[in-house]
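Have a look at it first.

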Amino acid sequence: MSPSRRPDLPEASAQPYSRSRPLPPYRGIVAVDAKDFTGYPAIEHGEISRAIPQLLQTSFERAGIAEVWAERRFPGSTGDGYVFGFDPAKMPFVIHPWLSTLQEVLTEFHVHSTGAVRIRLRVSLRIGPLPDAGEEYDGNGTPRNDTHRLLDSRPVKAMLAASSANITHVAAILSDRCYQDAVVSGYTGRHPDHFFQVPATVEGKQFEQAAWLYVPAPSGNLYDRRILGDRVIEDHESGRGERGAESRGAGRRAAAPQVRIRADKGNVNNGTVYGGQSVRNVESGGVGGDYTGGDSIGSVGGDYVRGDRFGGDYVGGNKAGTVHGNQGDTVHGDKREDRR
């Protein structure tokens with residue numbers, strides 16, 4: 001022992017980047033968090049904290065992967081949630097059927113409970129190397145930190161908040177590594193179209209990662225593009241102020257909302273999610289360029305060109321495909337006006 005070091009102090013670990021050493025074992029990490037936990041009276045916090053691991057155990061057993069719970073590594077309660085590591089080979093089964101089974105178990109819990117406590121869970125899944133030697137401080141490292149960041153990220157919180165409290169009890173977010181390894185590879189019993197990509201950010205934290213959302217029982221207006229990180233502008237020009245929503249994943253479609261999705265110095269897409277749309281180009285300091293209405297190819301009914309005055313012919317309808325309406329050129333105003 002070095003004479004300069006006191007015997008009651010722990011020996012310093014090796015400095016990073018000083019030498020090569022083996023990676024820790026790879027582990028799957030699952031973390032769950034109860035929505036609105038602090039909104040319940042303090043007397044109910046203990047009941048919720050006890051119920052969460054019980055519900056998790058029941059759901060893993062019912063999903064046919066009881067060993068994931070029985071063999072969990074570095075488990076820990078977070079008060080309003082739970083986290084543990086597991087064999088990453090089981091990740092496809094944790095994604096499906098476990099997430100769907102957890103949704104079913106929570107639904108039954110709400111039916112049979114007194115109704116005073118409703119537990120809705122956010123779930124975060126990640127894969128990465130973590131120390132796991134059976135010691136007290138195992139499981140600490142960047143993959144675990146990122147698992148909790150994903151759990152607290154804006155998209156998964158917004159997803160659960162935007163859904164019906166009577167229907168949707170689980171909203172899951174997967175790290176990109178987890179999605180690529182377990183879903184895109186084809187090992188999970190869910191098509192990639194069941195998932196959609198979001199920018200995962202955490203308020204007040206320097207954290208931003210690509211991640212993937214999955215909701216086993218969707219409800220409500222879950223496909224508002226604001227949840228996905230896009231800028232959506234309410235269309236007040238029509239006088240209705242309708243909010244837009246665009247369906248993504250699993251072949252679901254929204255109910256034809258009016259939206260305008262804007263990007264600076266880019267195109268403004270104005271119209272419905274399906275049907276006729278109009279596109280115009282926006283430049284800083286003013287609006288210039290063509291303004292086109294109607295679909296570019298296919299069947300067009302009643303669409304026409306409008307906007308600023310142009311030199312040349314003014315064309316209505318579409319000459320490609322099937323045209324309903326005027327098949328010839330339509331002129332609005334005096335063709336001799338403002339010819340430059």
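Q: What share of contacts in the protein chain between residues at least 6 apart in sequence join residues at least 24 apart?
A: That share is 57%. Contact here means heavy atoms within 4.5 Å.

Q: What kind of model is this, and how are residues numbered?
A: This is a predicted model, in which local features need pLDDT of at least 70, side-chain atom pairs count only at pLDDT 80 or more, and totals for chains, interfaces and linings use all residues. Residues are numbered from 1 along each chain as its sequence is written, and side-chain values use heavy atoms, with hydrogens and water left out.

Q: How many helices and strands does the protein chain have, and what makes a stretch count as one?
A: There are six helices and 14 strands. Both are DSSP runs numbered from the N terminus: helices are H or I with at least four residues, strands are E with at least two.

Q: Why is F74 called buried?
A: Buried means under 20% relative accessible area, exposed over 50%, and partly exposed in between (1.4 Å probe, protein chains only). F74 has a relative accessible area of 13%, so F74 is buried. F74 belongs to strand β2 (residues 73–77) and has a positive phi near 35°, though not a glycine.

Q: Why is Y17 called exposed?
A: The relative accessible area of Y17 is 85%, therefore Y17 is exposed. Y17 sits in the segment before β1 (26–34). Its phi is positive too, about 70°, in a residue that is not a glycine.

Q: Where is the kink in α3 centred, and how is a bend defined?
A: The kink, about 40°, is centred on W98. The bend at a residue is the angle between axes fitted to the seven residues ending there and the seven starting there. P97, also in α3 (residues 91–112), is joined to H96 by a cis peptide bond with omega about 25°.

Q: What makes α3 roughly perpendicular to α6?
A: The axes of α3 and helix α6 (residues 176–184) cross at roughly 80° and come within 9 Å. Angles of 65 to 115 degrees count as roughly perpendicular, under 35 as roughly parallel, over 145 as roughly antiparallel and the rest as oblique, so α3 is roughly perpendicular to α6. The contact is made by M91, P92 and I95 of α3 with C178, A182 and V183 of α6.

Q: Why is I127 called buried?
A: I127 has a relative accessible area of 8%, so I127 is buried. I127 lies in strand β4 (residues 121–129). I127 and R177 are 50 residues apart in sequence, and their C-alpha atoms are 6.8 Å apart. Beyond neighbours within four places in sequence, the contacts of I127 include Y26, P88, M91 and C178.

Q: Which residues of α1 are buried, and what do they pack against?
A: The buried residues of α1 are I48, A51, I52, P53, L55, L56, S59 and F60. They pack against β1, α2 (66–70), β3 (81–86), α3 and β4.

Technical notes. Axes fitted to C-alpha atoms, helices over the stretch in contact; angles between N-to-C directions.
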